[in-house]
There are 4 protein chains.
Amino acid sequence: MGQVHADAIAQADARIVCVFDQVTEVAQRLGDATGAKVIGTAEDAINHPDVDAVMVVTSSDTHTKLILKAHQAGKAVFCEKPLSNSLEDAQNCIDALGDDGSKRVFLGFNRRFDKHHGALCARVKSGEIGTLEQLIITSRDPYPPPLEYIPKSGGLFSDMMIHDFDMARSILTEEPVSIVANGSSVVDPEIGTLGDVDSATVIMRTASGVLVIIVNSRRCAFGYDQRIEAFGSQGMLISNNVPKTSVTLANGDSHDGKDALPEFFMDRYAESYVAEIETFLDCVRSGKDMPVNAIDGLRAMMLANAATQSNLTGEVVEIAMNELMIKARLLS
Amino acid sequence: MGQVHADAIAQADARIVCVFDQVTEVAQRLGDATGAKVIGTAEDAINHPDVDAVMVVTSSDTHTKLILKAHQAGKAVFCEKPLSNSLEDAQNCIDALGDDGSKRVFLGFNRRFDKHHGALCARVKSGEIGTLEQLIITSRDPYPPPLEYIPKSGGLFSDMMIHDFDMARSILTEEPVSIVANGSSVVDPEIGTLGDVDSATVIMRTASGVLVIIVNSRRCAFGYDQRIEAFGSQGMLISNNVPKTSVTLANGDSHDGKDALPEFFMDRYAESYVAEIETFLDCVRSGKDMPVNAIDGLRAMMLANAATQSNLTGEVVEIAMNELMIKARLLS
Amino acid sequence: MGQVHADAIAQADARIVCVFDQVTEVAQRLGDATGAKVIGTAEDAINHPDVDAVMVVTSSDTHTKLILKAHQAGKAVFCEKPLSNSLEDAQNCIDALGDDGSKRVFLGFNRRFDKHHGALCARVKSGEIGTLEQLIITSRDPYPPPLEYIPKSGGLFSDMMIHDFDMARSILTEEPVSIVANGSSVVDPEIGTLGDVDSATVIMRTASGVLVIIVNSRRCAFGYDQRIEAFGSQGMLISNNVPKTSVTLANGDSHDGKDALPEFFMDRYAESYVAEIETFLDCVRSGKDMPVNAIDGLRAMMLANAATQSNLTGEVVEIAMNELMIKARLLS
Amino acid sequence: MGQVHADAIAQADARIVCVFDQVTEVAQRLGDATGAKVIGTAEDAINHPDVDAVMVVTSSDTHTKLILKAHQAGKAVFCEKPLSNSLEDAQNCIDALGDDGSKRVFLGFNRRFDKHHGALCARVKSGEIGTLEQLIITSRDPYPPPLEYIPKSGGLFSDMMIHDFDMARSILTEEPVSIVANGSSVVDPEIGTLGDVDSATVIMRTASGVLVIIVNSRRCAFGYDQRIEAFGSQGMLISNNVPKTSVTLANGDSHDGKDALPEFFMDRYAESYVAEIETFLDCVRSGKDMPVNAIDGLRAMMLANAATQSNLTGEVVEIAMNELMIKARLLS
């Protein structure tokens, strides 16, 4: 993640002054790539006079300690999620920072800055769908992490669903007041043996009765599934998956992802034959003119004949329907 | 087609009084199925006193003769398309019927009565897309007719595209004044050898400058392709293909017919990492509160912890965000 | 519902022999419309010698009594859902029928016979998406029932979600072993006052760990929302909503339901300008031929010139790219 | 366009050494922004010893002269489209460059490098849809250029459709051998008065019979419409429009851009009632067990009752379907 943020900084209007990493080679590599100075301790990096802001992208158990140091040094702080590995430690950090200080620490929930989810969030808040009533967030990873990661991950709810908890909170205008969760290990039973789940759902409820449903899976055969459905009193907004390109395929197996088209005209236009007869019968009974009649039959034939002629001659053919004439266009 | 119309009549509020067919067995079979009387000559069928309306579903070269007989007998007429095999014969028929008589002969362009295309047509005429400027009709058959049918078909423009000519005319509010056509035989060179085309396009133009494009193919690997695009000064309406069901599939190969989803978060949320840093830098420079901060970090952790607890206990867990408390819900 | 089933019978290969209704006028009206005999008691209707099968479409509290009478009379039974208003009464009915008898009573969960949901169900069972892991059913009614109906409805879970419970069971290959529910009354607080909910979600879990999520709302601004998402180890199937027609609209407000298109070429093709320069630089460095070069520039100009000429003359123009010639087509 | 390319160069691995512009202020502004040296004549800029490659982004009538100078100076050349304003001048340039030289001049048809259209092109060439038979390119600008631009534009076919001609050629594997065009001025009659068209269509044909259709409009109410449809012997690929985000809206007016959903269950599930009765009748006649029967009715009721209970108690409820029991989950 350090590299990801370094790349992002390179595209933004800022530069990396200095880097620290417990593994000196990692720091050196980033320093070489960015021109930043490699510093021996986190404290010295934080206190470097040219540093205006500190990015904490270390292991989760060191986050709060570094946040507090940077904050006490008067620096703005960006901290990768999660705030901590432990709820108690996180609570202590907030207490030490105070309310104002806490708001000077940016927490790296990057999905809030996705243009698709962000547009949904903004449109919900603009009132486009009235009052929000139900919110369904689907997040499925393409494949599970290595098994050795599971025990130190903190479990699916803290490691993976935490992004969705934050996303839900960013869309809601009030906090959840209750939550119920249910999970299982259908992707890999070994994950269950390690005390975790790999497929899970929660329902949260706010004071006014908004229901939030989050669906997670550690594996998804069709890639990284990221969708949000916001259902309100006046409509629904869905932030759909974002395919790599806008190209669609239709072949014998499918048509735009749907199953096959009707075989031929008998299937496709079956209902039209009945509607046609009903229209005919209605005209017979009422004495109304037929809406499609012998003259239409003639005119369609005129076009077909003119097209046949044009295809043979390579000329545009002029047609005078009312004079019932087809003629080769007179060229100036 | 006789059977198709007989089925349609059975669903409408009418009955078949009598049937005539040159091949007596065919007439008999339809008579047995519908309870209609089999009659020996077309004239006697037409003149049967219980007959109010005549359906002409014979070979194309007999259409005008039967239309005129039925019309002269004072019966309403439904005629399967095309009006005739010959433009001259069709013209003579119209002349004999006169303008009023011609309008009492229903021509079986059934696609006008399709609810999808019909909805597009009605919405174009309602002015929903302003003034119509371009009309693109795509019609592709799933497979070509037998080769022996080609010589007597009248050619693709008269046999197949005639439906599209009529559809175009039903949507337009003025007649085409010129047409140019271009075709080839890419589906089966034998069709070319027989003097016909199996892939063709025409451009028609109306007096006011509306351009109509029709695209036909005698073969379509994904089924029966039937689409209309109406482009107007204020918008576009498309009557899309109608899949058999609304079920879509996403798997490793595709997602709703589109190519694969992004691999994982680095691809999917790449832009969000840059937007995130830009937001952070903006807050650092402006002194504004961070829009997602340490308190959000704590609250997401509270939800994750509560979800973990609920998953273990099977209880709904209550959360008081502002008091920073999670507690088992007290049950009455 | 009696009328709905009568219409369905009219389209199937069966006829209504006799009808009974507590309100004689209702029975009479159905009798007049269908030609069925009106009978004074349910018992006489059930025992009518021409009756092979009995349809029970009465108030829910009379279902089991009539089922048992029909079953004891040796008749096949179709019963509108639900089986009963009371779980105890339903249990007693099953006990009385026995296992074999219970299976001779058809229960009217009509959604199982919907072609869209049915196709999803069949494809899940065919193994197309591997092992089913998550199932999400969304059912939202367009508007709530009248308030006076709420107290006698049995509550949302029994009255509305019961269709979804059955749908879930029809797709699953094992029974749910646990359930948790959460609801609120966000549509109409009066519904909450009456002790019911109008927005609700449940999570069910099967023994093997499949999670089933059902989302219900008594109101939906965009119509009758009926969707199923089946997520499996190898893919996902979604039975989407079924719009009235396949016509889509694009205008200044939206494009196929999505927000606006890019403004113009600078937005739409922004990335292509970078990719273009990268390709150019790569060719400069490697000495490779430019993939799009001056000759391509000339040839595109030749086509543009020929098109301009054709538009003026109304003739097809022939082009010989390799001889770099455009000429008016020689017509035979 | 100079600024666009300068931005692209900044993101690629290259730098701008020096700039020349007839208007010195423009050159100075670009020089200031990029650190490039401003040079007084095009010749000096081209011949600057640090320059490896020359970008020609000048008025179209100066392109060929500068290309030749740069080529003669031994520099690689990138030239903005079109190659020239005049077909004769373009031809002379190609002659002077020779075949090898021409291929060292990159022509700026940037759309070839769009990832969506590029993916379609690559997939067509991979044979994914068999042999290409029809190619339909739609390009519509959001609004026309200022009227004063029209006379010097070279006309729609040279100014606007030239991109589509190049796109067609990049997808085809053989050159067009004929072309026919038809245009009108429906967007603004003034454009017609100036001798140009603002709505146009061409059909091109290759030697093997591939038909290429291009549809252009100078105005499009829904933004910048850019689509390609490639139809082949084994399938179809469409490069669709690329909306700004993946968010869709459903409300009372539309659902994913389609018209309204069915009103309620009678419309949505109308067919299922008939299919249900047919299944019932089939079971009655064949003696088969009912596929959905009284036991299913009981089980759905059990789930509804358990959900109602869970909603009241906030507890997960356990269900033993086979023992027909619902019980509160025993918590450890």
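Okay, let's start at the contact between chain B and chain A: there are eight salt bridges across that interface, a salt bridge being a side-chain nitrogen of Lys or Arg within 4 Å of a carboxyl oxygen of Asp or Glu. One pairs D114(B) with R268(A), at 2.8 Å from N to O.

Quick housekeeping. This is a predicted model, where local features need pLDDT of at least 70 and side-chain atom pairs count only at pLDDT 80 or more, while totals for chains, interfaces and linings use all residues. Residues are numbered from 1 along each chain as its sequence is written, chains are lettered from A and ligands numbered from 1 in the order in which they are written, and side-chain values use heavy atoms, leaving out hydrogens and water.

Now look at the strands. β13 (residues 317–320) of chain A and β7 (residues 176–184) of chain B run antiparallel, joined by two bridges. Strands here are DSSP runs (E, at least two residues), numbered from the N terminus, and two of them pair if DSSP finds at least two bridges between them. Within β7(B), S178(B) is the bridge partner of E318(A).

Last stop, chain C. 100% of its interface residues are also interface residues in chain A, so the copies meet through the same surface.

Key:
Helix = DSSP H or I, 4+ residues; strand = E, 2+ residues; numbered from the N terminus. Contact = heavy atoms within 4.5 Å.
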